[in-house]
Amino acid sequence: MSRPMDDPGASGVEDGSAAAGGPAAVDHPLALRVSHVSKTFPGTRALDDVSVSVENGTIHCLLGGNGSGKSTLIKILAGVYRADPGGRIRVHFHEIDADKTSPEWARGAGLHFVHQDLAIFNTMSVAENLALGRGFPVGPTGNIRWRALRRHARTVLERFDVHVSPSRLVADLRPADRTMVAIARALQDQADASEGLLVLDEPTVSLPAVEVDILFGALRRYAAAGQTIVFVTHRLEEVTRIADRVTVLRDGRLVTTLDSAEVTKERLVELIVGRALDHAAANASVMEGEDLALEVSDLWGGPLRGISFGLRRGEVLGIAGLVGSGRTSLLTTLFGLQPPTTGSIKLDGAPVSFHDVDDAMDAGLGFVPEDRSESAFLDMSLRENLSAAQVAKYWHGMRLRGREEADDARRSIADFSIKANSERQPFATLSGGNQQKAVVARWLRRKPKLLLLDEPTQGVDVAARAEIYRLVRDAVAAGTSVIVVTADLEELARVSDRVLVLANGRITHEVRGPDIDPSRITELVLSATGDPTDPANPDMEVSQR
Amino acid sequence: MSVDDTGTATPVVAEGEPASSEAPGVRSGGHSAVLYNVERFALPALLVIVLVIFSVLPATGSIFASAANFQEVGFNYVYIGILTLASLIPLVCGEFDFSVGSNAGFTQIVAATAMARFHVPLGFAIVLAIAFGAAVGLGNGNTVARVGVNSLIVTLGTSGILLGVVEWYTGSQSINNGISGSLISFGSDNSLGVPDVVWLLVGVALVTYYVLEHTPYGRYLTSVGSNARAARLVGLRVDRLKLSAFVLAGALAGVAGVLLVAKNGSASPEAGNVTDTLSALAGAYLGATSIRPGRFNVLGAMLATYFIGFSVAGLAIAGVASWISQVFSGAALFLAVVVSTVLGRRRAGTG
């Protein structure tokens with residue numbers, strides 16, 4: 001594995017230029033060179049003149065917050081997007097104009113991608129998974145030659161150091177092995193480790209710490225054998241453990257490329273956020289008093305590890321955290337979908353314990369789930385969708401009062417500016433934004449005490465987004481308290497009165513008032529680990545009672 | 001524009017105008033609103049056409065258009081009609097009950113045995129048959145809702161077990177004696193020129209319609225059938241609702257079993273089988289293409305049952321070979337479901 005000899009701090013942009021004159025040196029030090037690549041979308045410049053070089057046989061981390069352009073860059077490499085004209089991309093000896101990439105080119109150049117969801121088939125064996133996407137060895141009658149398949153699988157597994165039997169079902173493997181099978185599948189046809197380039201897109205998101213260790217051990221071995229790996233992650237503590245080099249993007253621009261040995265987690269956060277760390281960290285203050293709509297103390301269960309906070313009446317509380325931080329579990333636990341193992345929840349000062357959703361609803365809670373497939377009754381009418389959480393209200397005199405329900409539906413359509421021809425319109429024919437408005441309206445009609453919103457504006461256009469938050473604001477003015485979870489930290493900063501940062505099932509920070517701005521929250525989300533022994537979180541203990 | 005059974009209007013869409021700009025993806029123009037109504041009323045229209053054609057055709061008219069024929073067809077399809085209602089309830093919440101026919105066969109033996117062997121009064125025998133039917137439904141429902149096994153497989157298994165139990169218990173012999181005389185006369189008498197059993201079907205259909213369309217329970221079942229996860233998140237106890245749907249289906253199969261005894265004056269181990277289940281499911285699916293297209297509904301299912309009933313009777317009177325009747329019912333279901341799937345897809349804007 002070759003380490004750069006030149007000044008690592010400044011090398012990011014320049015690395016390639018030395019070699020640019022003479023191609024085809026046999027031991028070319030660069031596995032990937034991206035030069036002056038830009039990508040413009042209508043209204044935004046997602047990438048602005050970005051140049052990155054990745055040396056052969058290294059693990060190179062790509063970092064950046066929301067909107068930094070790192071996923072755009074990956075998609076250009078994969079040929080999903082084409083860049084603006086002018087840039088060049090070279091993978092080993094395959095060079096192309098950046099506006100001409102295609103999935104075929106990426107495959108031909110030896111770029112292999114393994115995404116977060118792995119795209120492996122749990123109900124099939126390891127050998128079958130390896131053969132899918134590559135082809136099964138077949139005999140004269142089109143029959144699969146199982147023995148040859150297993151032999152091939154065994155060779156591949158040996159080569160990639162995966163100690164599992166080819167006939168095992170993928171579902172039975174431990175998570176790290178599953179990831180490694182996906183990597184082996186991507187790389188199996190590469191004759192030599194130094195040929196291609198492996199891009200791992202957040203492979204550790206759903207892995208427990210032990211599994212991450214196993215995976216990292218394997219990645220280290222692959223790199224030592226000459227495999228170049230580009231590694232995308234949000235978990236900064238992983239960067240210093242696994243990476244040789246780090247490239248940071250911000251707002252579509254290259255910030256820097258450096259040697260990971262010389263960088264601390266704090267420094268990385270500063271680079272990602274774009275300003276010096278604010279060490280006067282916000283303290284989570286313990287709130288007590290009669291005015292609390294919700295009081296959660298020491299809540300454990302699932303990924304949650306001792307959550308305590310209070311929520312005032314008419315307050316919008318934002319929850320920020322990475323995937324796996326427990327942000328969704330917090331909402332579903334409050335809503336009675338899974339009972340907490342310990343801890344107490346008080347509503348208006350009175351302790352409550354919900355055995356199921358209807359208990360939570362009776363107590364005045366509402367929940368808009370992250371995925372519309374969990375809230376929409378697509379083949380039912382708009383009217384039925386609006387009244388889904390209060391059907392019993394229309395049951396009197398031994399009849400479901402259709403006319404009353406229709407009147408209410410028409411009122412909701414007007415109040416919540418849902419665009420529809422009539423309240424009888426099939427829900428499937430409404431646009432995504434209008435469906436989401438109707439789902440939010442379904443709960444607001446109940447005048448909830450506490451509304452839980454999980455990614456309420458996902459897949460919704462800008463106008464509908466504003467509408468939805470206007471509706472929420474109106475409800476808040478009428479006394480509803482809101483907890484909102486969203487990965488869009490700008491949105492979170494805009495709508496929240498107060499923000500809690502969640503990491504590994506713990507609240508690590510509380511941000512309030514003037515401190516609420518997207519880069520401050522991004523910084524806290526990225527630097528928080530939720531580990532009480534981590535010195536990066538001196539204020540950790542404060543919110544833990 | 002028309003008014004439907006819940007008293008509200010169908011969408012008003014200006015003729016020939018493209019979908020208003022404020023409602024993207026909505027029905028494009030008046031064209032498909034017309035199509036929607038064509039779809040809704042296609043099946044009743046076809047039923048009327050069948051009735052008219054067979055009444056007018058010289059070869060069939062004199063026999064087909066007689067009161068006796070109408071009583072006969074009405075009588076013959078009551079049993080299938082009740083089974084159709086039984087299979088409808090689990091279908092509304094997204095589950096199959098493949099055991100309704102065998103369950104009816106089982107409960108007719110329960111009712112007949114209670115009367116013939118244990119000399120139980122008629123009323124109690126009926127209650128027993130319905131209770132046994134409901135118990136079978138409870139078994140199905142528990143396995144589906146609480147254990148989480150696919151309903152088609154569970155009820156297919158139940159169906160096999162019931163058929164076997166009936167054969168074992170009866171020794172393949174019919175129970176012909178000791179059946180209550182008032183039950184047999186109920187099975188053969190007419191009131192107001194209509195067979196009593198048809199009145200029974202009308203009553204059961206009305207109750208089922210009321211429960212499914214005019215109670216929160218019916219709406220809950222529909223919600224579970226539409227999206228079980230979303231139903232849970234609006235506070236519905238999905239497991240209990242599914243369980244209850246199977247229990248109701250079993251109880252209705254019990255009613256169908258009693259009806260079999262009334263109709264035949266005996267209980268035969270041959271009566272009540274998987275073929276009846278298939279007819280019932282066909283009726284429910286065919287019915288879901290009309291009145292409220294895309295939804296299982298009682299009125300549609302009843303129209304479908306009698307559309308097939310009168311068509312098959314007319315063909316039989318015309319002297320057509322009996323296999324043609326079978327092909328006819330199969331083809332009707334096939335065509336109806338294909339047409340309604342295509343139209344439904346267009347409606348949802350995914351076609």
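These legends describe close-up views of a predicted model.

**View 1. Chain A as a whole.** Chain A has 545 residues, and 48% of them count as buried. Its secondary structure consists of 17 helices and 22 strands. Contacts across the sequence are well represented: among contacts in chain A with a separation of 6 or more, 69% join residues 24 or more positions apart.

**View 2. Where domain 1 of chain A meets domain 2 of chain A.** On the domain 1 side, ten residues are in contact; on the domain 2 side, nine. Helix H7 (residues 209–224) of chain A gives five residues to the domain 1 side, the largest share. By type, that side of domain 1 holds six nonpolar, two polar and two charged residues.

**View 3. Helix H9 of chain A and its cover.** Helix H9 spans residues 265–273 of chain A. Its buried residues are Leu268(A), Val269(A), Leu271(A), Ile272(A) and Val273(A). Several elements of chain A cover the buried residues of H9(A). Three strands are among them: E3 (59–63), E9 (245–250) and E10 (253–259). The cover also includes helix H8 (236–242) and helix H17 (518–527). Gly274(A) follows H9(A). The phi of Gly274(A) is positive, near 95 degrees.

**View 4. The surroundings of Val54(A).** Val54(A) sits in strand E2 (residues 44–55) of chain A. Val54(A) counts as buried because it has 26 C-beta neighbours inside 10 Å, and the cut-off for a buried residue is 20 or more. Leaving out residues up to four places away in sequence, Val54(A) touches Leu30(A), Ala31(A), Leu32(A), His60(A), Thr228(A) and Val230(A). Ser260(A) is 206 residues from Val54(A) along the chain, and 13 Å separate their C-alpha atoms.

**View 5. Helices H6 and H7 of chain B.** H6 (residues 122–147) and H7 (residues 151–170) of chain B pack with their axes 9 Å apart. The angle between them is about 150 degrees. H6(B) and H7(B) are therefore roughly antiparallel to each other, as angles over 145 degrees count as such. The crossing of H6(B) past H7(B) is right-handed. From H6(B), the contact draws on Val136(B), Gly139(B), Asn140(B), Thr143(B) and Val144(B). From H7(B) come Ser151(B), Val154(B), Thr155(B), Thr158(B) and Leu162(B). The contact residues are four nonpolar and six polar, with no charged ones.

**View 6. Helices H3 and H14 of chain B.** The axes of H3 (residues 67–76) and H14 (residues 298–317) of chain B come within 10 Å. They cross at roughly 130 degrees. H3(B) and H14(B) are therefore oblique to each other. H3(B) passes H14(B) with a right-handed crossing. Asn69(B), Val73(B) and Asn76(B) make the contact from H3(B). Gly309(B), Phe310(B) and Ala313(B) make it from H14(B). Three of the contact residues are nonpolar, three are polar and none is charged.

How values were computed:
Residues are numbered from 1 along each chain as its sequence is written. Chains are lettered from A and ligands numbered from 1 in the order in which they are written. This is a predicted model: local features need pLDDT of at least 70, side-chain atom pairs count only at pLDDT 80 or more; totals for chains, interfaces and linings use all residues. Two residues are in contact if their C-beta atoms, placed from the backbone, lie within 7 Å. Helices (H or I, at least four residues) and strands (E, at least two) are DSSP runs, numbered from the N terminus. Ala, Val, Leu, Ile, Met, Phe, Trp, Tyr, Cys and Pro count as nonpolar, Asp, Glu, Lys and Arg as charged, and the others, Gly among them, as polar. Axes are lines fitted to C-alpha atoms, for helices over the stretch in contact, and angles run from 0 to 180 degrees between N-to-C directions. Angles under 35 degrees count as roughly parallel, over 145 as roughly antiparallel, 65 to 115 as roughly perpendicular and the rest as oblique. A crossing is left-handed if the near helix is turned anticlockwise from the far one by less than a right angle, and right-handed if clockwise. A residue is buried if 20 or more other C-beta atoms lie within 10 Å of its own, exposed if 12 or fewer, and partly exposed in between; C-beta atoms are placed from the backbone.
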